[in-house]
Amino acid sequence: MTSRIPVQQVNAFAGSGSPLASLYVGPLADNAPPWLCSTPPEHALSGTQLFSPERLEQVLARFATCFSVDDRRAVASMWTKWYFHLVLQPSLAANILLERELPLGLDEMHVVLDAHGRPERLCLRHDGLPLASLKTEHRFEGMLTHLSTVIDVLAQLSGAAPRVFWSNVGSGIDYYLGQLESHPAMWPG
């Protein structure tokens, strides 16, 4: 028995023209899908801009003003929980339910931050391309490459061990996979 679900069935869940946006029903209904736009909003930062050490230092300093914590490692860890939410939820949903890989190269995506530097919205050029391979060791390669790049920059900037951020990734993956188990587009079993 195959665990693949036809895209036509997924599209039936919502009236959007985007297969990715159509997934935001059931356990994902309270979340907003990434913005799909060829020209990102003026106030959005490209991944390349956001993860330059100078810019990220400014963003984390602004984000730190919301907390009574002076530890750079703790601030960076808290910030990643917001950022990883923006990346993990749509990436896992697109990968597992649509068999698509989102464009997560730092030069392909943008992030909108709120006034305090908290990641608020992911902006993508398109809703992904079909996976090149369904083999486990390949299907998440793009997402993991993105996360690895981000974690390297954050670890160097904050002084926190990469395992701190990977732990946040692991917790996020566990949570979002749990959400997807009850998604109406998920094949039973």
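Contact here means heavy atoms within 4.5 Å, and that is the sense in which packing is described for helix H7 below. Please keep in mind that every close-up shows a predicted model.

View 1. The buried residues of H7 pack against H4 and against helix H6, which covers residues 141-158. Helix H7 itself takes in residues 162-181, 20 residues in total. From its first C-alpha to its last it reaches 29 Å, close to the 28 Å expected at 1.5 Å a residue.

View 2. Which residues of H7 are buried? They are Phe 165, Asn 168, Val 169, Gly 172, Tyr 176, Gln 179 and Leu 180. Because these residues cover an arc of only 105° around the axis, they sit on the same side of H7. Look next at the face turned away from that buried side: here you will find the exposed residues Arg 163, Asp 174 and Glu 181.

View 3. Arg 72 and Glu 57 form a salt bridge, and their closest N and O atoms are 2.9 Å apart. The pair links distant parts of the chain, with Arg 72 in helix H4 (residues 72-98) and Glu 57 in helix H3 (residues 53-64), 15 residues apart. Arg 72 counts as partly exposed because its relative accessibility is 41%. Glu 57 is likewise partly exposed, with a relative accessible area of 30%.

**View 4. A buried salt bridge between a strand and a loop.** The side chains of Arg 100 and Asp 127 meet here in a salt bridge, at 3.4 Å from N to O. Arg 100 belongs to strand E3 (residues 100-101), whereas Asp 127 lies in the loop between strand E5 (119-124) and strand E6 (129-130), so the pair ties together parts that are 27 residues apart in sequence. Are these two partners buried or exposed? Both Arg 100 and Asp 127 are buried.

View 5. The closest N and O atoms of Asp 114 and Arg 118 are 3.1 Å apart, and the two residues form a salt bridge. Buried means under 20% relative accessible area, so Asp 114, at 15% relative accessibility, counts as buried. Arg 118 has a relative accessible area of 22% and is therefore partly exposed. How many salt bridges are counted in the model? The count comes to 4, and the pairs in these views include Arg 72 with Glu 57, Arg 100 with Asp 127 and Asp 114 with Arg 118.

Definitions and conventions: Residues are numbered from 1 along each chain as its sequence is written. This is a predicted model: local features need pLDDT of at least 70, side-chain atom pairs count only at pLDDT 80 or more; totals for chains, interfaces and linings use all residues. Side-chain values use heavy atoms; hydrogens and water are left out. Helices (H or I, at least four residues) and strands (E, at least two) are DSSP runs, numbered from the N terminus. Buried means under 20% relative accessible area, exposed over 50%, partly exposed in between (1.4 Å probe, protein chains only). The expected span of a helix is 1.5 Å times one less than its number of residues. The arc is that of the directions from the helix axis to the C-beta atoms.
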